[in-house]
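Where do charged and aromatic side chains pair up in this protein? A short briefing follows the display.

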Amino acid sequence: FAQIMNRCGYDYVTLGNHDFNYGMPYLDSYLNVLKARCVCENVRWDEAGVRFPARIHTLENGLRVGIIGIVTDYVNIWEKPEHLAGIAITDPIPAVAAALAGTCLLYVLFFAVQAGYLFGAFTGHLATGRVLSATRENVAYRICQELDLDILLTGHQHMSVPGQLVSGTFVVQPSDKGQEFLRVEAAVSGSGKSFSSETVPAHGECRADWL
């Protein structure tokens, strides 16, 4: 998977719940091969600092973009304790709030990633906030309501969500199994920020240098 991600040219990734299924040594072996930087603000060393802190990426035009990642803290419920040895997965909302304390013009949040496409945790109806799952996993909707993010890249529902504003945050979600990706464009000027997205289906032949 790291080789695939490297060939796709990823700059940043975050972690999803299944990334912990084989323990931290296995996860570290993946991240050591990966050229992209991992950001996952709510994964901490035991009783210590953030293991995969947020980054500020400066574009060629000088625009500074804050790149934050988080994973659902339900990993603590689903995962074998021995697979989380040496780390603590904390409540994601305070973690994002702390990362937002830095100075930046545009903030982008990755909510989990697996196997080359983005995942998150919207368990509520985007238009109404109605909870679709009887858990407290509906973190992404709360983030839109409570925190000042510009773009939120999510998943986990295995359903396609075209770009839309939720409490002022632009949100997208691709379908499952790598069937599509979202191309998001942002325009930032003195008059404000605007966002748009395009859903692009996976198709076409593999390039020879990818095989």
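The points below cover salt bridges and aromatic pairs.

This is a predicted model: local features need pLDDT of at least 70, side-chain atom pairs count only at pLDDT 80 or more, and totals for chains, interfaces and linings use all residues. Residues are numbered from 1 along each chain as its sequence is written, and side-chain values use heavy atoms, with hydrogens and water left out.

**Salt bridges**
- The whole structure holds five salt bridges (a side-chain nitrogen of Lys or Arg within 4 Å of a carboxyl oxygen of Asp or Glu).
- One of them joins Asp150 to Lys193, at 3.0 Å from N to O.
- This pair links distant parts of the chain, 43 residues apart: Asp150 sits in the loop between helix H5 (139–146) and strand S11 (151–153), Lys193 in strand S15 (residues 192–201). Helices (H or I, at least four residues) and strands (E, at least two) are DSSP runs, numbered from the N terminus.
- Arg183 and Glu198 also bridge, at 3.0 Å from N to O.
- Arg183 is in strand S14 (residues 180–189) and Glu198 in strand S15, so their contact ties together parts 15 residues apart in sequence.
- Asp176 and Lys177 form another bridge, with closest N and O atoms 2.8 Å apart.

**Accessibility of the bridge partners**
- Asp150 is buried, at 8% relative accessible area (buried is under 20%, exposed over 50%, partly exposed in between; 1.4 Å probe, protein chains only).
- Asp176 is buried at 10%, whereas Lys177 is exposed at 64%.

**Aromatic pairs**
- Three aromatic pairs are found in the whole structure (ring centres of Phe, Tyr and Trp, its six-membered ring, within 6.5 Å; planes under 30 degrees apart are stacked, over 60 edge-to-face, the rest tilted).
- Among them is the tilted pair Tyr22 and Tyr26, 5.2 Å centre to centre with 45 degrees between the planes.
- Tyr22 is exposed at 60%, and Tyr26 is exposed at 52%.
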